[in-house]
Amino acid sequence: MIIRPAEKEDTEAAVALLHGKMNSKLSPERWRGIFDYDWNMPKPNYGYVAEADGRIVGYLGAVHSQRMLPQGVLNLTNMCAWYVEKEYRGSAGLLMMVRATADPDRHYTSMTSTSNPRTMAALRACGFASLDDYRWDWQRRSAGSEVLDVITDPADLMPHLQPHEARYMQDLLPYGVRPVLMRHPEGESFAIFSVTQKGADQPWWDVLYIRDAHEGFLTRFGQEIADALLPADNAVLSADARFCGGDPDDATRIKLPAPRFVKSKSLNGPELDHLYTELQLLSLKLD
């Protein structure tokens with residue numbers, strides 16, 4: 001068994017494995033997204049593969065990004081698409097994850113882990129810890145807000161964005177994200193949302209990023225945001241706890257099926273967001 005970094009030339013074999021044996025509901029074209037992305041940022045590898053008898057029998061995706069923030073540069077890697085053929089399971093999956101997350105200067109996340117206890121135990125064995133165990137959900141109480149103004153047009157947003165936020169918006173608009181500036185008499189914030197549909201007809205707005213999360217804009221004004229943005233009474237505004245900066249009084253606390261996981265020597269807060277991840281590349285929904 002050989003465990004090695006994946007190369008661009010491994011794309012089709014890895015895609016065939018993922019589509020054929022991990023999740024056939026995702027088309028090969030969608031699976032190729034975790035290989036073909038290019039945000040003009042350093043890409044140390046294309047994930048890791050397990051190889052037996054010259055054939056790829058396991059794959060672990062790694063989506064890399066580099067954030068130029070006021071406090072410095074963050075090198076982030078979102079781990080995803082972790083699969084090994086049954087007859088080769090055991091140490092191969094763990095070895096891939098250990099080697100793929102060995103750089104102490106990078107910050108690693110796993111945001112869409114299965115709730116399978118074995119998978120969660122394996123992540124913890126590889127050095128991952130819980131980042132968030134629950135989220136907060138809001139539903140609108142009225143159609144619109146009388147005190148919260150929003151700006152959603154990208155051209156109108158640009159003068160209000162910090163340089164790294166402008167980069168986020170420009171890089172990720174092609175993946176369908178929704179950037180929103182929210183202005184309240186007591187403050188303002190900028191957020192990037194994923195807007196999806198759950199079930200037959202339930203619109204779902206997930207917070208992917210919010211400016212200065214620790215200041216608690218969501219905790220203080222989450223209901224006003226829901227009223228301003230949500231298109232229907234059954235729609236949901238949802239945010240992981242680390243984005244809220246506190247416990248809101250007007251939202252429902254929901255335990256996540258599996259924690260958001262992190263492996264980092266220094267980060268465990270809202271800096272670890274949902275941007276530049278498999279969510280965009282594979283068009284996935286958060287749970």
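Predicted model: local features only at pLDDT ≥ 70, side-chain atom pairs only at ≥ 80, totals over all residues.

Me: What volume does the largest cavity have?
Reply: The volume of the largest cavity is about 80 Å³.

Me: And which residues lie nearest its centre?
Reply: Arg67, Leu76, Thr109, Asp273 and Leu275 lie nearest the centre of the largest cavity, out of 13 residues that line it. By class, this lining holds 5 nonpolar, 6 polar and 2 charged residues.

Me: Which strands each supply at least two residues of that lining?
Reply: Strand 3 (55–69), strand 4 (72–84) and strand 5 (107–110) each supply at least two residues of the lining of the largest cavity.

Me: Let us stay with strand 5. Are His107, Thr109, Tyr108 and Ser110 buried or exposed?
Reply: These four residues are all buried. His107 and Thr109 lie on one side of strand 5, while Tyr108 and Ser110 lie on the other, and both faces of the strand are covered.

Me: Do strand 4 and strand 5 run parallel or antiparallel, and how many bridges join them?
Reply: Strand 4 and strand 5 run parallel, joined by 3 bridges. Leu76 has His107 of strand 5 as its bridge partner. Strand 4, helix 4 (residues 91–100) and strand 5 also make a right-handed β-α-β unit.

Me: What about strand 5 and strand 12: parallel or antiparallel?
Reply: Strand 5 pairs with strand 12 (residues 252–263) in the antiparallel sense, over 3 bridges. In strand 12, Val262 stands opposite Thr109. Thr109 is also among the residues nearest the centre of the largest cavity.

Me: Now the pockets. What is the volume of the largest pocket?
Reply: The largest pocket has a volume of about 1,000 Å³. It is lined by 36 residues, and Met22, Trp82, Tyr83, Thr114 and Thr119 lie nearest its centre.

Me: Which element gives the most to its lining?
Reply: Strand 4 gives the most to the lining of the largest pocket, with 6 residues. The residues of this lining divide into 19 nonpolar, 11 polar and 6 charged.

Me: And the second largest pocket, what is its volume?
Reply: The second largest pocket has a volume of about 290 Å³. Among the 16 residues that line it, Leu69, Gln71, Tyr209, Asp212 and Glu271 are the closest to its centre. Strand 3, helix 7 (163–172) and strand 10 are the elements that give two or more residues to this lining.

Me: One last topic: where is Ser27, and why does it count as partly exposed?
Reply: Ser27 sits in the loop between helix 1 (11–22) and helix 2 (28–31).

Conventions: Residues numbered from 1 in each chain as written. Heavy atoms only, no water. 1 Å grid on protein atoms, 1.4 Å probe; cavity = no way out; pocket = protein on both sides within 12 Å on 5 of 7 lines; lining within 4 Å. Points joined across faces, edges and corners; volume = space filled by probe spheres on them. Nonpolar A, V, L, I, M, F, W, Y, C, P; charged D, E, K, R; others polar. Buried < 20%, exposed > 50% of the residue type's maximum accessible area, 1.4 Å probe, protein only. Pairing = 2+ DSSP bridges. Right-handed = clockwise from strand over helix to strand, strands pointing away.
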